[in-house]
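Subject: Structure handover

Hello,

Please find the structure below, with my notes after it. Keep it open while you read.

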Amino acid sequence: MNQPGYRTLSSYLKNKFGQAVRKLSLDAGFTCPNRDSTFSDVGCIYCEPESFSMFSSPAAPSLIQQIRQGIESGHRRGAHRFIAYFQAYTNTYGPVGKLKDIYDTIHAFPEIVGLAIGTRPDCVDKEKLKLIASYTKDYDVWLDYGVQSIHEQTLNRINRGHGPEAIFRAVLLTREYPGLKICAHVILGLPGEDAEMELATAKALAKMKIEGIKFHPLYVIKGTRLAEEYENQRYQPLAMQIYVDRLIRFLEVTWPETVIQRLSADSLGDKLLAPQWLREKSSVVQAIQKKLEAEDTWQGKLYKEEVPV
Ligand code: SF4
């Protein structure tokens, strides 16, 4: 185990590539079936509605421009290798031919060594996964699935548009392509969830030996349906110390090999309504590291390997 008490993304990348690697966050102009009326036209309760007009702006930089700018900015910070992270919305939502054209853009940039594709578990199939797996010959390839929770009642409550079976199906399908790695995005503090429910999600991910996890606290963005609930006092975000504690309980049962790719949310600026402690990402990360040390605990301390029958 590394010093911080969990397996960090930077140590994983340094080990694999022998140098620092940065992620390029990309918006390839995809939409989301949970917003465009395919599954629903309102989206998840925390989804920011304004973000859906951004990609259609004529002033939005092209994918090539985004990559070029990201690489230039990385070079200024001393990074020379990059992961193309298709982050915005649902990046497998489209026909396979269109997906191939978009992902193939990375071939023009020899500095790119990895590919990460953010998507919903109900937006993959064998054909798409076969295409994505074809990039493993040349790249470190990750499927970033928005899991959030494995509980049906929570997924309904947040209007995810699918149940837990879609998550398990996506993981099983992905496992048919051995080079593909999964990074599960998990939200702590979802409405109606307690520490026990989060622990059940943690144990399910550990059992599936998920290769990566990104943690997010549930935050309230202005203009969302969650913001209405917050203003009407129907939703209360977690206090920072409770978030820190629940995250540590989650980490303790997590598979020790899982790469912890994120511990909190990035800066959200003026859009953030609550919780205010999120304005200081570094203090959240420090609080997690301090508590891990104080409790003499670490990722995987309580992990139990399943004994095959
Ligand atoms: S899946 Fe993502 S993009 Fe789609 S509605 Fe939910 S939060 Fe918004």
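Predicted model: local features only at pLDDT ≥ 70, side-chain atom pairs only at ≥ 80, totals over all residues.

Helices here are DSSP runs of H or I with at least four residues, and they are numbered from the N terminus.

Backbone

D296 is not a glycine, yet its phi is positive, at about 50 degrees. Is D296 buried or exposed? With a relative accessible area of 53%, D296 is exposed, because the term applies over 50%.

S37 is another non-glycine residue with a positive phi, in this case about 85 degrees. To find S37, look in the loop that runs between β1 (21–26) and α2 (51–54).

The peptide bond joining A274 and P275 is cis, with an omega of about -5 degrees. P275 belongs to the loop between β9 (272–274) and α11 (281–294).

Helices α4 and α5

Helix α4 covers residues 96–103 and helix α5 covers residues 126–133; their axes come within 10 Å and cross at roughly 20 degrees. Angles under 35 degrees count as roughly parallel, and α4 and α5 are therefore roughly parallel to each other. The crossing of α4 past α5 is right-handed.

Which residues meet where α4 and α5 are in contact? From α4 come V96, L99, K100 and Y103, and from α5 come E127, K128, L131 and I132. Sorted by class, this contact has five nonpolar and three charged residues, and no polar ones.

The ligand

The ligand is surrounded by ten residues. The closest of these are C32, C44, C47, R120 and R160. By class, the shell around the ligand is made up of five nonpolar, two polar and three charged residues.

A166

One more residue to look up is A166, which is part of helix α7 (residues 164–174). A166 has a relative accessible area of 10%. Buried means under 20%, so A166 is buried. Which residues does A166 contact, apart from its neighbours within four places in sequence? The contacts are with P121 and D122.

For a sense of distance, pick A166 and L272, which are 106 residues apart along the chain. Their C-alpha atoms are separated by 30 Å.

Regards

How values were computed
Residues numbered from 1 in each chain as written. Heavy atoms only, no water. Axes fitted to C-alpha atoms, helices over the stretch in contact; angles between N-to-C directions. Helix = DSSP H or I, 4+ residues; strand = E, 2+ residues; numbered from the N terminus. Parallel < 35°, antiparallel > 145°, perpendicular 65-115°, else oblique. Left-handed = near helix turned anticlockwise from the far one by under 90°. Contact = heavy atoms within 4.5 Å. Nonpolar A, V, L, I, M, F, W, Y, C, P; charged D, E, K, R; others polar. Near = heavy atom within 4 Å. Buried < 20%, exposed > 50% of the residue type's maximum accessible area, 1.4 Å probe, protein only.
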